[in-house]
Amino acid sequence: MQKTSALDDRSREMDEKSWWDLWNTSYRTKDNNDSVSNELFTRAAALINRITQTGRGRVLEVACGTGTLSRMLVYSSYHGLDLSPAAIDQARQKSARILSPPGVAPPTYEAADFHDWELPPEQFDVTVCIDAISSFRDQQLVMKKLAQTLRPHGALVLTTINRFVYERIKRVGGVTLQSGPVSHWLSHAELNSLVRQSGLVIESSRTIMPRGNLGILRLVNSRRLNEAISPGMAAAFKRAKEFLGLGQYSVVVARKTS
Ligand SMILES: C[S@@+](CC[C@H](N)C(=O)[O-])C[C@H]1O[C@@H](n2cnc3c(N)ncnc32)[C@H](O)[C@@H]1O
């Protein structure tokens with residue numbers, strides 16, 4: 001029988017909001033939590049900052065959790081929302097300790113269910129959604145709403161677990177793929193199709209952060225193989241795996257045309 005962690009056991013009796021309160025207060029109390037989320041945030045922030053530094057920087061983050069990413073972003077204004085009130089509490093407390101640069105409004109955070117969130121009259125230059133689309137009950141509605149938040153030529157930056165890789169990570173004693181209120185793990189192709197259906201035009205769509213140790217991934221990610229080649233070749237091999245769709249996360253940048 002599979003061993004389950006305390007987190008997984010408690011989650012079975014929880015409603016959606018309480019589960020995400022638990023998740024955020026278990027895994028996101030520190031900004032520097034683990035190497036996987038650190039790399040995800042670093043790479044997402046670099047992508048977003050490239051966009052905001054060359055244009056206007058009104059940023060909306062949907063499912064911002066405890067606001068870790070917001071503290072790595074360059075923006076003119078930032079609004080984050082999340083279903084979990086505990087996460088929003090943490091985000092507010094942490095941001096209150098940071099001084100905003102001159103001329104930049106302090107970030108704002110709101111506890112809300114994005115399905116029911118009333119769209120504000122002002123649209124955003126960049127809308128961000130990190131590692132959360134799999135949790136939304138109605139992914140089509142959410143994707144349409146994400147597109148509606150954008151001004152013409154505004155950009156959506158969205159990352160989500162790449163199902164192909166996630167299903168090929170062997171876990172020890174752990175929280176399983178089904179744990180938590182996950183609605184549907186999208187494949188890379190399903191994600192692209194959902195984005196297109198919302199009317200956005202995909203500017204780039206790729207995977208990042210190769211991982212996995214089952215099936216073919218056991219071979220291509222083997223430590224022995226990757227340590228046997230030079231650092232330069234290892235970096236090139238990593239890029240090739242990302243290009244071929246073997247990264248743990250899918251990352252899409254899409255634009256609103258009009
Ligand atoms: C896997 S966590 C990722 C959080 C954050 N983006 C991060 O990377 O740390 C998924 C987040 O989605 C939020 N979420 C789930 N359903 C939501 C909804 N309907 N509206 C707003 N946020 C939601 C959860 O509260 C949770 O914080």
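Modeller: In the largest nonpolar core, which has 35 residues, Leu69 and Leu73 touch the most other members. Such a core is a set of buried Ala, Val, Leu, Ile, Met, Phe, Trp, Tyr and Cys residues joined through side-chain atoms within 4.5 Å. Buried means under 20% relative accessible area, exposed over 50%, and partly exposed in between, with a 1.4 Å probe and protein chains only. The model is predicted: local features need pLDDT of at least 70 and side-chain atom pairs count only at pLDDT 80 or more, while totals for chains, interfaces and linings use all residues. Residues are numbered from 1 along each chain as its sequence is written, and side-chain values use heavy atoms, with hydrogens and water left out.

At least two residues of this core come from each of α3 (35–53), α4 (85–96), β4 (124–130), β5 (150–161), α6 (163–166), β6 (201–210), α8 (216–220) and β7 (247–255). These elements are DSSP runs numbered from the N terminus, helices being H or I of at least four residues and strands E of at least two. The most is given by α3, with seven residues. Beyond its neighbours within four places in sequence, leucine 73 is in contact (heavy atoms within 4.5 Å) with Ala45, Ile48, Asn49, Val59 and Tyr78. A second, separate core has 26 residues, among them Leu81, Leu158, Val195 and Ala254. In soluble globular proteins, nonpolar side chains tend to be buried together.

Strand β5 also holds threonine 160, which counts as buried because its relative accessibility is 1%. Residues up to four places away in sequence aside, threonine 160 touches Asp131, Ile133, Ser134, Leu191, Gln248, Tyr249 and Ser250. Of these contacts, aspartate 131 is in the loop between β4 and α5 and has a positive phi of about 55 degrees although it is not a glycine. With 23% relative accessibility, aspartate 131 counts as partly exposed. Helix α5 (residues 139–148) has Gln139, Val142, Met143, Lys145, Leu146 and Ala147 buried, and the cover over these residues includes β1 (58–62), β4, β5 and α7 (188–197). A positive phi, about 65 degrees, is also found at methionine 209, likewise not a glycine; methionine 209 lies in strand β6 and is buried at 5% relative accessibility.

The ligand has 19 residues around it, of which Arg28, Ala63, Asp82, Asp113 and Ile130 come nearest; a residue is near if one of its heavy atoms lies within 4 Å. This shell divides into 10 nonpolar, five polar and four charged residues, where Ala, Val, Leu, Ile, Met, Phe, Trp, Tyr, Cys and Pro count as nonpolar, Asp, Glu, Lys and Arg as charged, and the others, Gly among them, as polar. Helix α2 (residues 16–27) supplies the largest share of the shell, three residues. A polar side-chain atom of aspartate 82 lies 2.5 Å from a ligand oxygen atom, and an N or O atom in the side chain of aspartate 113 is 2.8 Å from a ligand nitrogen atom. From isoleucine 130, a backbone N or O atom lies 2.9 Å from a nitrogen atom of the ligand. On its own the ligand has 590 Å² of accessible area, 98% of which the protein covers; accessible areas come from the Shrake-Rupley method with a 1.4 Å probe, and for residues only the protein chains shown count as cover.

How values were computed:
Polar contact = N/O pair within 3.5 Å; in protein donor to acceptor, adjacent residues only side chain to side chain.
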